[in-house]
Amino acid sequence: VALSYILPITFISIFFTSSFMDEKVNRRLTILLSAPITPFQIILGKMLPYAIFALVTTALIAILTKANVLLALAIFAPTTLFIFAIYLMVPLFYRTFKDTTFIAMLVTTLTTAYLVFPAMFTNVNDLAYISPLALAVKMYRGEPFGWREYLFPSLPMSAIFGFAMFAGTRLLNEEFLMGYKPITRKAADAIYLMMAHAHP
């Protein structure tokens with residue numbers, strides 16, 4: 001039951017990536033970049049509808065499975081941000097739909113494994129709490145959990161989202177988006193673009 005929350009969030013984030021990639025390939029992002037709006041506003045504008053839909057889906061699953069809706073949203077909101085952060089990076093680094101599809105499937109597999117496997121050891125080992133699904137398991141069992149257990153998976157996921165948004169605003173420029181370079185060179189360029197050159 002806890003896993004049922006992850007699958008819709010993942011698929012919705014794949015649609016977000018595809019939409020972002022479509023705008024990039026058709027050069028509509030280039031037009032947006034010349035508009036009087038910030039890269040942060042562009043990314044947020046593209047992400048917001050999908051993120052809201054993911055949270056509404058989370059609430060619906062909670063209602064259908066007779067769970068506490070607010071608690072389910074509190075557990076899975078950081079997870080949603082985390083998954084969207086990862087899927088934001090995919091279209092920024094890759095030029096073609098073929099590359100994006102392969103990487104998106106790889107990311108889906110790794111993310112699902114990261115979220116599911118630790119939760120299988122809920123109440124067996126404290127490391128289970130690296131996954132928010134462990135909290136969802138406890139929620140469905142009617143077992144309480146404290147702030148420490150909640151913040152252990154939630155804070156890193158929120159921090160990764162914050163870093164991804166920062167990186168996205170720095171990398172959202174035409175030269176980086178449209179350049180054909182090996183992934184190692186793209187990573188080096190990304191690090192260069194993210195540095196504050198006035199105060200390295």
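**Exercise 1.** How are H4 and H7 oriented to each other, roughly parallel or roughly antiparallel?

*Solution.* Keep in mind that this is a predicted model. Start with the geometry: H4 packs against helix H7 (residues 147-171) at about 30°, and the two axes lie 8 Å apart. Angles under 35 degrees count as roughly parallel, so H4 and H7 are roughly parallel to each other. Next, the handedness: this crossing is left-handed. Now look at who meets whom. On the H4 side you'll find Phe82, Ala85 and Met89, among others, and on the H7 side the list includes Phe161, Ala164 and Gly168. Sorted by class, the contact of H4 with H7 has 18 nonpolar and 4 polar residues, with no charged ones.

**Exercise 2.** Work out how H1 packs on H4, and what sort of residues make up the contact.

*Solution.* Angle and distance come first: helix H1 (residues 6-25) and H4 pack at about 30°, with axes 9 Å apart. That makes H1 roughly parallel to H4. The crossing of H1 and H4 is right-handed.

**Exercise 3.** Is Leu73 buried or partly exposed?

*Solution.* First place Leu73: it sits in helix H4 (residues 69-93). Its relative accessible area is 25%, so Leu73 is partly exposed. Leaving out residues up to four places away in sequence, Leu73 touches Leu55, Thr58 and Ala59. As for Ser13, 60 residues away along the chain, its C-alpha atom is 17 Å from that of Leu73.

Definitions and conventions
Residues are numbered from 1 along each chain as its sequence is written. This is a predicted model: local features need pLDDT of at least 70, side-chain atom pairs count only at pLDDT 80 or more; totals for chains, interfaces and linings use all residues. Side-chain values use heavy atoms; hydrogens and water are left out. Helices (H or I, at least four residues) and strands (E, at least two) are DSSP runs, numbered from the N terminus. Buried means under 20% relative accessible area, exposed over 50%, partly exposed in between (1.4 Å probe, protein chains only). Contact means heavy atoms within 4.5 Å. Axes are lines fitted to C-alpha atoms, for helices over the stretch in contact, and angles run from 0 to 180 degrees between N-to-C directions. Angles under 35 degrees count as roughly parallel, over 145 as roughly antiparallel, 65 to 115 as roughly perpendicular and the rest as oblique. A crossing is left-handed if the near helix is turned anticlockwise from the far one by less than a right angle, and right-handed if clockwise. Ala, Val, Leu, Ile, Met, Phe, Trp, Tyr, Cys and Pro count as nonpolar, Asp, Glu, Lys and Arg as charged, and the others, Gly among them, as polar.
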